[in-house]
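Here's a quick briefing to read alongside the model. Have the viewer open as you go through it.

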Amino acid sequence: MLNSTLKAFVSATALAGFLGLAVTGPAQAANVFRFAFQGDIKSLDPYSLKESFTIGMHGAVFDSLTTRDKDLNIVPMLAESWETPEPTRWRFHLRKGVKFHDGSDFTADDVIFSANRVRAPGSNFTTNVPADATWVKVDDHTVDMVLKTPNPIALYQFSTWYIMSKSWAEKNGAVAPTLPSATSTSYAALHENGTGPFIISEHQPGVRTVFKKNPNYWGKVESNLDEAIFTTIQNDATRVAALISGEVDWIDPVPLQDAQRVNSSGTATVMAGPELRTIFLGMDQSRDELKDSNVKGKNPFKDVRVREAFYRAIDEETIAKRVMRGQAVPSALLIAPVLYPRASEFKRPDYDPKRAKALLAEAGYPDGFSLGMDCPNDRYVNDEAICQAVVSMLARVGVKVNLNAQPKAKYFAKVLAPAYDTSFYLVGWTPSSQDSHNILFEIAGCRNGSKPGRGNWNLGNYCNPKVDALADSVEAETDQTKRNAEIKEGFETIQTDWGFIPLHQQALAWGVSKKVTLTQRPDNMLMLYWVSKQP
Amino acid sequence: MKASTQDILPAPKRSALARFRDSDLYASFRRSKLAMGAFAVTLLFFLLAVAAPWISPQNPYDPAQLELMNSSLPPLWYADGVSPFALGTDDQGRDVLSAVFYGLRLSLVVGLLGVVVSGFLGILLGLVAGYFGGVIDTLIMRVADVQLTFPAILIALVVDGVAKAALGSQMDANAAIGLIVLSIGLSFWVQYARTVRSSVLVEKNKDYVQAGRLIGLSSPVIMVRHVLPNVLGPVFVIATINLALAIITEATLSFLGTGLPDSMPSLGTLIRTGNRFLFSGEWWIVAFPGLALAGLVLAINLLGDWLRDALNPRLQ
């Protein structure tokens with residue numbers, strides 16, 4: 001036994017040495033940027049999973065009609081310019097001479113194809129393009145988007161709607177989007193054909209992905225990289241060690257407990273900033289019986305008192321202080337304050353475990369009950385530790401929570417459409433439109449199919465028709481003051497319904513080698529085209 | 001000669017303890033300081049494990065007792081250490097000392113049950129293979145040979161993974177313990193089977209077995225009542241060493257995240273969580289569970305080594 005253990009150890013060490021050699025070996029001449037994230041690039045299909053890191057990676061190989069600059073303003077990309085000849089008609093003038101990575105030309109047909117694909121069943125990005133929009137080709141480089149009603153925020157989510165090639169998708173059987181829960185991977189999940197400044201030359205899911213500079217890119221690229229190599233390093237300590245030793249040039253996230261060590265290492269620094277993402281908890285309010293609870297025949301979360309009890313039993317201040325080590329701002333809303341001017345008018349209801357216990361008793365659960373909770377363990381900063389803290393806080397009011405913390409690939413496959421298999425979950429969300437409408441529509445909208453994409457990410461199906469009506473009028477409202485008032489009403493409704501338990505906005509913490517210069521946007525997407533490295 | 005004396009004069013009745021004190025084993029034990037030390041340490045760990053619920057300042061498995069404000073506290077001898085957390089707390093406010101006591105308990109329970117399961121399986125299959133021989137023997141021993149080509153931890157991982165896929169990843173703590181015991185049992189039976197089989201091959205041609213057959217005893221009776229007691233010596237040695245191995249296997253599985261649930265941390269789970277903080281200055285989360293595990297396994301191994309030498313007739 002000892003002998004075989006020893007052998008295994010020796011061969012593992014040899015293997016590790018070999019792999020290390022393989023990573024560092026061939027790239028001496030070119031300027032190579034190595035970077036590591038705690039999770040994987042989930043899929044190369046840009047409509048598969050709305051997850052910031054993955055979307056950012058797609059941004060390196062795909063272009064969108066419009067994009068966001070370093071300050072999150074909307075700027076032209078594949079659409080050189082656009083105008084609204086009528087309030088419901090948007091005309092886009094497409095850039096000429098743009099080529100996909102396979103050499104084919106980019107035309108209006110690709111835009112129309114992408115507009116349909118992104119709204120097809122199975123897409124996780126259906127809300128990025130207005131559902132009522134019809135796309136009309138004017139000529140090869142002009143395309144019209146015709147809406148049923150005026151929509152001032154129609155372009156807000158275009159920056160993460162990446163344009164795919166029609167001919168490539170048809171040739172490779174990738175016309176339909178890849179479901180995040182798909183068990184067999186599709187062609188589009190493993191290959192890309194964008195127009196972006198980088199080309200993926202190698203993609204081994206969960207192992208490494210290699211980006212090579214696109215020599216035929218249409219635009220000027222700020223980055224001086226020839227190659228970028230992505231690896232997943234799930235273990236916190238290993239990730240930090242890799243950064244400090246210079247094995248990688250960028251890591252995300254820097255574990256909160258290691259910020260000091262990175263800064264004093266001399267080779268790297270922590271780049272911190274506020275993040276737009278809000279971490280929150282959701283509760284299954286639609287099933288008649290929770291899937292994994294000891295309460296049979298009814299769903300406790302349908303009772304508003306139980307939802308309030310959960311909210312009040314969780315001590316977010318302490319979570320922010322201890323689990324997040326001060327690197328988080330408790331939030332009353334599902335949106336970051338910088339994205340909504342009237343956010344300061346909202347206050348987080350107080351932590352009050354006594355009241356929580358009383359409410360549970362009133363609702364008929366004086367001894368509490370038990371239920372399951374789903375949590376990712378490699379997605380957000382200290383996600384599993386937050387969930388564990390929630391478990392012990394709820395235990396103190398008598399609710400027994402069985403925590404199921406898993407890597408995000410398994411977690412999202414379980415909790416997302418079509419199964420929505422969860423009773424109680426933790427998610428973090430950045431509205432891709434940078435606008436409150438997205439929260440009212442995609443997070444808090446009823447999952448009743450009244451509009452495609454509504455409630456896509458409403459995993460517990462919180463449903464109040466008033467919120468839906470407000471979301472619709474917010475979508476069309478052009479007067480900012482009135483719009484903000486409607487948004488406020490929507491958020492107030494969610495709060496009085498105790499529909500969600502917002503926790504906090506986490507702080508961004510990237511570990512960046514001193515050789516590297518890059519731009520950190522508060523949406524926490526790493527854009528390779530802004531990364532430069534001293535060779 | 002000796003036998004006939006005993007027939008005439010029955011030996012005086014002596015207690016089991018007194019007989020043990022006269023045995024070679026005990027004499028050898030008294031001669032070996034190492035064995036006595038190892039025994040003392042093992043006994044101490046056993047006592048701590050048994051007494052855990054009464055001597056721990058906190059029940060680390062009850063989430064209601066964890067106070068987040070007490071998280072990541074250093075051991076008491078540091079300036080900001082807080083009583084009663086003598087060895088500090090982990091990132092959830094779990095008292096490390098209590099977690100070590102409870103962790104020892106889990107490790108020993110899993111280890112002992114694992115040994116019982118693998119021992120039962122291995123002895124049974126070894127007896128059957130050795131006694132009947134032929135096709136049955138070939139079949140069992142080839143399965144054993146195949147299994148020996150895989151490391152035990154790999155088999156435990158496979159059993160654990162398959163069962164989790166079949167039962168769903170969410171299961172209660174007792175089911176998780178049962179599962180881990182089963183996976184350890186299934187990975188360690190081979191050594192017992194091989195040892196028992198070779199002893200049985202020697203024993204089965206001896207006169208007393210033939211006599212048993214002649215008077216018409218059934219095979220199971222001969223195997224269990226007459227052959228088994230004569231082949232048990234080596235089994236004890238294997239069992240002791242396997243106890244240490246089983247404990248290490250459980251810790252490894254938990255370290256890899258497939259063992260016991262996080263809400264019920266065993267020593268391996270504590271080492272895994274602590275590992276994240278090891279380089280950040282919070283060394284106590286990993287160090288104390290690590291020391292406890294190393295101490296326990298070392299003590300049991302030393303005891304096993306001594307037992308092997310003491311029972312080896314060639315060394316006497």
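**Where the chains meet**

In this predicted model, 22 residues of chain B are in contact with 28 residues of chain A (contact: C-beta atoms, placed from the backbone, lie within 7 Å).

**Chain A overall**

- Chain A has 15 helices and 19 strands (DSSP runs numbered from the N terminus: H or I, at least four residues, for helices; E, at least two, for strands).
- Its radius of gyration, taken over C-alpha atoms, is 24 Å, close to the 24 Å from the globule rule for 535 residues, so chain A is as compact as a globular protein of that length; the rule is 2.2 Å times the number of residues to the power 0.38.
- The C-alpha trace of chain A spans about 75 × 70 × 40 Å along its principal axes.
- Among contacts in chain A between residues at least 6 apart in sequence, 70% join residues at least 24 apart.

**Burial and helix H2**

- Of chain A's 535 residues, 51% count as buried (20 or more other C-beta atoms within 10 Å of the residue's own, all placed from the backbone).
- Helix H2 (residues 52-61) of chain A has ten of its ten residues buried, so it's largely enclosed by the rest of the structure.
- The buried residues of H2(A), including Phe53(A), Ile55(A) and Met57(A), pack against strands S1 (32-37), S8 (198-204) and S9 (208-213) of chain A.

**Ground rules**

- Residues are numbered from 1 along each chain as its sequence is written, while chains are lettered from A and ligands numbered from 1 in the order in which they are written.
- Local features need pLDDT of at least 70 and side-chain atom pairs count only at pLDDT 80 or more, but totals for chains, interfaces and linings use all residues.

Note on methods
Contact = placed C-beta atoms within 7 Å. Buried ≥ 20, exposed ≤ 12 C-beta atoms within 10 Å, placed from the backbone.
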